[in-house]
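Notebook open, model loaded. I want to look up a few side chains and jot down what turns up.

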Amino acid sequence: MKTVNKRLIGLIAISIVQLTFPLFFIVAKEHVIETGKEYLFRIQPVDPYDFFQGRYVNLNVQPLSYETTKSDDFKQNDIVYAEFAQDSTGAKITAISHKKTKHSLKLKLFSKPNNPLYVRLPFRRFYLEETKATTIEKQLATDRKHPNFVHVKILKGDFVITDISSNGKSLITGNSVQSPDLSK
């Protein structure tokens, strides 16, 4: 009887540990959504398919650069944190440093840093329900004259993609979207 109780307790403990990890990640991402600062990055998406993960919108985010006077402070493969400002044309890098701030995004410098520093943003795919991804791809392909944006909330190095919009309209919900508050 004692062996059965030990096994049952062990099974319960393992189950709790297995449930704790996904819950931790979900809570962390929800915290970014609730308290993160939103930025819009210009995109030119295409809609590919991944056999294992399903349909997604490939976010072809326009490259960003930052003019610095201290390019010698950065090395290839450095982990850096970028801060952004939002304007009508999308997010722009305002600072890059080795220190994390409240609304900075964690990045890796893949190439040898020169002046200006060019960065590759960590968000490349946005997974959606199969029918929505196809619909969004068709909408973006037919309307190339309006700017397209991916909406990203950033908090303490982490990010969550919250929406894709074109011409001030969410392509996921169909609702009008407002630009992020520039005063925050």
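Is Leu 11 buried or exposed? I get 53% relative accessible area, so Leu 11 is exposed (over 50%; under 20% is buried, in between is partly exposed; 1.4 Å probe, protein chains only). Leu 11 sits in helix H1, residues 2-35 (helices are DSSP runs of H or I, at least four residues, strands runs of E, at least two, numbered from the N terminus).

Ground rules for myself: this is a predicted model, where local features need pLDDT of at least 70 and side-chain atom pairs 80 or more, while totals for chains, interfaces and linings use all residues. Residues are numbered from 1 along each chain as its sequence is written, and side-chain values use heavy atoms, with hydrogens and water left out.

Next, the aromatics. I find 5 aromatic pairs (ring centres within 6.5 Å; planes under 30 degrees apart are stacked, over 60 edge-to-face, the rest tilted; Trp counts by its six-membered ring). Phe 24 and Phe 25 make an edge-to-face pair, 5.5 Å centre to centre with 70° between the planes. Phe 24 is exposed at 54%, and Phe 25 is exposed at 52%.

Phe 41 and Phe 84 are 5.2 Å apart by ring centres with planes at 90°, so I log this pair as edge-to-face too. The pair links distant parts of the chain, strand S1 (residues 37-42) and strand S5, 43 residues apart. Both Phe 41 and Phe 84 are buried. I also note one aromatic cluster of Tyr 39, Phe 41, Phe 84, Phe 123 and Phe 159.

Last entry, backbone: Asn 77 has a positive phi near 70° without being glycine, in the loop between S4 (64-66) and S5 (79-87).
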